[in-house]
Amino acid sequence: MRRTTIGIIVSLTFSLLSAPYLAHAQQVVFLVRHGEQASGSDDPPVTETGQRRAKALAAFLKDAGLTAIDVSASQRTMQTAEPVAQALHLEPTRVPARDIEGLRERLRTQPAEGRILIVSHALTIPHLLKAFGHPEEVMPNPEVYDPLYMIVPKPTGPPLVVVLRDSGG
């Protein structure tokens, strides 16, 4: 049941909000923070809990029709995206974590019917949401790793942003 939930949410959202004039925006962008990280390193890997969360994310998004995955250069974002990438045979693209405008430009080059997963960082997520036009201030709790944001552009006004939980930890 959980596997089809994301497909149903995405399908209903598209039927309500999609229109041919969304030519320069993706159908949907999924934005998630990397999984739990180990300590003691400048570029820490994800922990065992983070690995479980990454596998749960892959199971959750397997029917979402993803067409691309973007990650930062850190190994924890890549490790979080890896199960999704393997399951869907997609090669993640590395984009510098602080290059919000570069990421937006990259997304503009993607097909309008694209469905993108972005694996990012707690401090970058508020900036990404703002760049997508989300009007509310969001400050993720640094101790919480499970919010998954589903961003659906609309023809006018701010996007629809739905906060899902993957509870894979």
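Biologist: Where is His-89 found in this predicted model?

Modeller: His-89 is found in the loop between helix 3 and strand 3 (93-94).

Biologist: Why is His-89 called exposed?

Modeller: Exposed means over 50% relative accessible area. His-89 has 73%, so the residue counts as exposed.

Biologist: Let's step back into helix 3. How do you know what span to expect of helix 3?

Modeller: Helix 3 covers residues 75-88, which gives 14 residues. The expected span is 1.5 Å times one less than the number of residues. For helix 3 the expected value is 20 Å. From its first C-alpha to its last, helix 3 reaches 20 Å, close to that expectation.

Biologist: Where does the kink in helix 3 lie?

Modeller: The kink lies at Glu-82, shortly before the proline Pro-83. Its angle is about 40°. The bend is the angle between two fitted axes, one for the seven residues ending there and one for the seven starting there.

Biologist: Which residues of helix 3 are buried?

Modeller: Arg-76, Thr-77, Thr-80, Ala-81, Val-84 and Ala-85 are buried. An α-helix has 3.6 residues a turn, so residues three or four places apart point the same way.

Biologist: What covers the buried residues of helix 3?

Modeller: The cover includes strand 1 (28-33), helix 2 (48-61), strand 2 (68-71) and strand 4 (115-120).

Biologist: Now to strand 2. Why does Val-71 count as buried?

Modeller: Buried means under 20% relative accessible area. Val-71 is at 2%, so Val-71 counts as buried. This residue is found in strand 2.

Biologist: What is Val-71 in contact with, beyond its neighbours within four places in sequence?

Modeller: Its contacts include Thr-77, Met-78 and Ala-81. Pro-92, Thr-93, Arg-94, Val-95 and Val-119 are also in contact with Val-71. A contact needs heavy atoms within 4.5 Å.

Biologist: What makes Ala-68 buried?

Modeller: Ala-68 has a relative accessible area of 7%. The cut-off is under 20%, so Ala-68 is buried. Ala-68 is found in strand 2. Leaving out residues up to four places away in sequence, Ala-68 touches Leu-90, Arg-106, Gln-110, Arg-115, Ile-116 and Leu-117.

Biologist: How many residues apart in sequence are Ala-68 and Ile-118?

Modeller: They are 50 residues apart in sequence. In space, their C-alpha atoms are 8.6 Å apart.

Biologist: On to the rings. How do you know that Arg-33 lies over the face of Tyr-145?

Modeller: A charge over a ring must be within 6 Å of the ring centre and within 35 degrees of the ring normal. Arg-33 lies over the face of Tyr-145, at 3.9 Å from the ring centre.

Biologist: How many aromatic pairs does a search of the whole structure find?

Modeller: The search finds zero.

Biologist: Which elements of the chain have the lowest and the highest mean pLDDT?

Modeller: Helix 1 (residues 2-17) has the lowest, 46. Helix 3 has the highest, 97. Over residues 8-24 the pLDDT is below 50. Where pLDDT is low, the predicted coordinates should not be read in detail.

Biologist: What does the chain average?

Modeller: The chain averages a pLDDT of 83. At least 70 is the score of 83% of the residues.

Conventions
Residues are numbered from 1 along each chain as its sequence is written. This is a predicted model: local features need pLDDT of at least 70, side-chain atom pairs count only at pLDDT 80 or more; totals for chains, interfaces and linings use all residues. Side-chain values use heavy atoms; hydrogens and water are left out. Helices (H or I, at least four residues) and strands (E, at least two) are DSSP runs, numbered from the N terminus. Buried means under 20% relative accessible area, exposed over 50%, partly exposed in between (1.4 Å probe, protein chains only). pLDDT is the predictor's confidence in each residue, from 0 to 100. Rings of Phe, Tyr and Trp (its six-membered ring) pair if their centres lie within 6.5 Å; planes under 30 degrees apart count as stacked, over 60 as edge-to-face and the rest as tilted.
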